[in-house]
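Please open the model in a viewer and keep the selection panel at hand. The stops below are meant to be followed in order.

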Amino acid sequence: MQLKIDNLTFAYNKKEGNIVENFNLEVQKGEVVALVGVSGSGKSTVLRLTAGLEIPDSGKISIAGQTAAGDHKFKAAEKRKVGMVFQDYALFPHLSVEKNIAFGIDHLSKANRKARVRRLLELVNLEGFEKRYPHQLSGGQQQRIALARTLAPGPELLLLDEPFSNLDAELKDKIRRDLNEIIKDVGVTTILVSHDREDAEFMQAREVLMS
Amino acid sequence: MQLLKKIKQGSPGWFLLTAGIILLLLIPNLNIIINLFGKAGENWEHVRDYLLINYFQNSLILVLASGLLAAFLGAGLAWIIAAYDFPGRNFLSWGLILPLAIPPYIGAYVYQGMFSYTGPLQTFLRNDFQLQLSQQYFDFMNIRGAIFIYTIFLFPYVFLMTKAFLSRQSASLLESSRLLGKNDSTIFFKIILPLSRGAVVAGSSLVMMEVLNDYGVVKYFGISTFTTAIFKTWFGMGDLATAVRLAVMAMLVIFVLLFLEKLLRGGRKYSYSTSNIRPLSRRKLKGSKKVLAQFFCYGVFFFGFLLPTIQLLYWSFLSRGGELLGTLNFALTSFLTGGGAAVLILTGAVIVATTARMSSSFISNLLARITILGYSIPGAVIAVGVLLFMLQLDQIFLFLQTGFGIEINLVLSSTLVMLIFAYAVRFMGIAFNSVNSGYQKIGESYFEASRTLGKGVTETFFKIDLPMLKPALMSGFLLIFIEIMKELPLTMILRPFNFDTLATKAFEYASDEMIYRAADLSLVLIFFSTAAIYLITHHRRRKNNAVEN
Ligand SMILES: Nc1ncnc2c1ncn2[C@@H]1O[C@H](COP(=O)(O)OP(=O)(O)O)[C@@H](O)[C@H]1O
Ligand SMILES: [Mg+2]
């Protein structure tokens with residue numbers, strides 16, 4: 001089991017009540033799961049809890065068989081090996097594409113790092129973009145670089161928050177296709193968030209409804 | 001888990017450092033309050049029975065009148081600049097900030113010199129028009145004069161805050177009122193003023209804090225306030241205990257003001273998310289309205305910046321450069337002290353702001369409150385607190401020395417350390433706000449992205465946060481730098497022997513009626529402040545343009 005969430009409960013603040021309540025989810029290795037639900041139903045919050053960006057009030061999260069949160073333990077985000085592509089991509093504006101992708105793999109030797117960056121750029125079909133800066137890329141290109149950066153350290157789990165929002169129909173089709181291909185290529189366990197069930201079908205993902 | 005949630009995602013190192021800094025900031029102020037319960041000084045009874053009422057009265061009149069006038073002047077100008085277009089508007093939108101480059105105590109002696117019997121205005125009237133007017137028309141050295149000085153040189157605080165607020169407002173707001181047939185003055189009084197009340201009050205309370213902090217103007221004009229009283233009991237009579245009591249009284253005034261501010265600002269904040277609104281479009285002015293707007297704005301600019309600067313240039317010209325070497329010397333001292341202290345203070349502020357960002361909103365609000373506290377407390381009061389603290393440290397050192405034979409030759413209460421520490425207490429809030437607004441602009445997602453890529457809090461700070469904070473740090477540095485260059489009361493009280501900055505020396509010369517010499521130093525000071533203001537405003541502007549494109 002790659003991800004196991006038991007009875008997860010969380011509130012941003014007590015007064016506003018629980019955003020996530022007794023939530024359960026199991027994801028097998030290599031599986032692609034789509035969290036589907038209306039806006040405000042707590043999809044992003046579940047991703048943030050999984051990534052270690054928020055601390056649950058109760059419940060348990062295990063990733064690749066290890067406890068990430070629960071039983072009075074809390075593993076910090078940087079130790080979880082969970083990759084997340086943010087809705088706004090969050091590419092570091094002061095770093096080149098190359099340095100962005102290499103950010104999470106600076107424990108590798110220089111040669112290995114360079115090779116891996118090149119391989120990832122190939123994977124996302126953006127060879128030769130090493131020296132560019134994020135502001136010189138289109139939205140679709142930024143997303144693919146963000147994906148490459150997230151995949152670089154070889155995460156146990158890939159989280160995608162609304163990867164198809166803010167896109168026009170034509171581009172959306174292409175990006176869905178590309179993304180699907182890349183994920184299947186890498187074989188990484190993936191949870192993606194969408195408010196559109198069509199996305200889930202297209203990605204051949206198992207749908208999990210949030211309400 | 002719950003405690004963890006409160007401090008959210010920090011590392012203990014950051015929290016410890018921050019706790020240390022916060023403690024250091026609080027100690028001087030707590031010291032004063034604790035000392036209140038100690039023995040009263042020998043002069044206290046006399047001060048309490050005969051003088052205190054006078055201090056209260058003068059301080060309150062100065063503070064309230066200047067605050068109110070600056071509020072109207074600043075808000076009115078902000079409205080004109082934000083809502084109308086006319087030739088010169090672009091220049092004025094930063095030119096009207098420039099009065100801030102002239103410290104009020106310099107403005108005070110310039111105006112006094114200009115309007116005095118031997119000054120240029122009266123000489124001109126006498127010689128060319130045979131006009132001998134009663135001296136009371138020209139007397140600046142009173143409360144009215146002080147209020148004028150404070151208003152004309154401090155109103156930019158209100159102007160800046162209100163302008164920034166208005167620039168974030170939606171165009172539809174104005175358009176709908178115009179469509180409803182309201183004329184512009186109705187819109188100003190009925191819509192703009194109530195809407196921007198929070199910003200106006202915030203700016204105006206800055207003005208009031210500055211007035212209460214001021215030592216130079218009131219001393220020069222011979223008006224007794226808390227600040228001058230603290231100086232007098234301490235330096236004149238050597239009665240620290242009475243100075244402490246006065247400091248507490250001044251703090252009471254501050255707390256009343258802060259409470260009033262909170263009340264006046266009102267609970268509700270009117271704000272939009274900044275991204276999706278159409279900003280105010282400026283209406284082009286024509287004919288007499290154009291002339292009127294120009295006349296008003298340029299008039300304020302003239303009296304708040306141009307006229308005093310020209311007068312100073314003239315005096316400086318008369319002195320033929322004076323003692324160039326001396327001027328350079330004081331400039332260097334100011335420069336090094338200001339620059340060094342600004343770097344230190346900013347470093348502290350970065351640590352606190354970074355911790356605040358990793359904490360729950362409760363803790364980060366608390367940190368913001370504590371850091372800004374020093375800015376609302378008059379310099380003379382902080383000086384008393386810091387001195388008490390340093391005397392205690394000295395005693396501890398002395399004790400260690402005599403008791404254990406440990407050799408520490410540190411007498412803090414007479415060194416630059418004390419002064420820089422006092423600057424930190426007073427200006428940490430400005431630094432914190434700069435860094436914090438930098439963080440708010442950056443947002444959370446870069447930080448979080450770095451975390452999910454396997455970097456801890458500290459590594460993320462050095463690799464991501466710090467480089468992205470650079471513009472905020474730059475403008476924070478400039479802000480603190482000019483504040484310290486202009487600073488008078490703290491520096492006067494706490495400086496080591498023979499230590500003079502441009503500010504203290506200019507003030508001394510002016511007090512001794514050596515106006516020409518004061519002019520050289522003042523001009524250097526004004527030059528640096530102007531340059532800093534130019535850099536801050538124009539840097540922001542460039543960036544705004546880049547975002548808009
Ligand atoms: N940082 C936050 N602080 C407080 N409330 C939040 C925060 N982030 C999200 N919320 C609230 O939590 C609820 C769920 O948000 P989210 O998980 O983003 O939903 P979704 O991604 O399904 O649209 C919303 O009502 C939102 O207002
Ligand atoms: Mg969401």
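**Stop 1: the ligand site**

Begin at A:Gly42, where a backbone N or O atom lies 3.0 Å from an oxygen atom of ligand 1. This is a predicted model, in which local features need pLDDT of at least 70 and side-chain atom pairs count only at pLDDT 80 or more, while totals for chains, interfaces and linings use all residues. Residues are numbered from 1 along each chain as its sequence is written, chains are lettered from A and ligands numbered from 1 in the order in which they are written, and side-chain values use heavy atoms, with hydrogens and water left out.

Next select A:Thr45: an N or O atom of its side chain is 2.5 Å from an oxygen atom of ligand 1. Then select A:Tyr12, whose side chain places a polar atom 3.4 Å from a nitrogen atom of ligand 1. Ligand 1 taken alone exposes 560 Å², and the protein buries 57% of that (Shrake-Rupley accessible areas, 1.4 Å probe).

Now display the surrounding residues (a heavy atom within 4 Å of the ligand); among them are A:Ile19, A:Val38 and A:Lys43. By class, this shell has three nonpolar, six polar and one charged residues, with Gly counted as polar.

**Stop 2: two loops of chain A**

Select A:Asp71, in the loop between strand S5 (66-70) and strand S6 (73-74) of chain A. Its phi is near 50°, a positive value in a residue other than glycine. Move on to A:Tyr89, which lies between strand S7 (82-85) and helix H2 (97-102) of chain A, again in a loop. A:Tyr89 is not a glycine, yet its phi is positive, about 70°. Helices (H or I, at least four residues) and strands (E, at least two) are DSSP runs, numbered from the N terminus.

**Stop 3: the interface of chains A and B**

Colour by chain. The contact (heavy atoms within 4.5 Å) takes 31 residues from chain A and 23 residues from chain B. About 2,300 Å² is buried between chain A and chain B, 62% of it from carbon and sulfur atoms; this is the accessible area that two parts lose on being put together, summed over both. In chain A, select A:Ile55, A:Glu78 and A:Phe103, which lose the most area to chain B, together 28% of what that side buries.

Note on methods. Polar contact = N/O pair within 3.5 Å; in protein donor to acceptor, adjacent residues only side chain to side chain. Buried area = accessible area lost by both parts, 1.4 Å probe.
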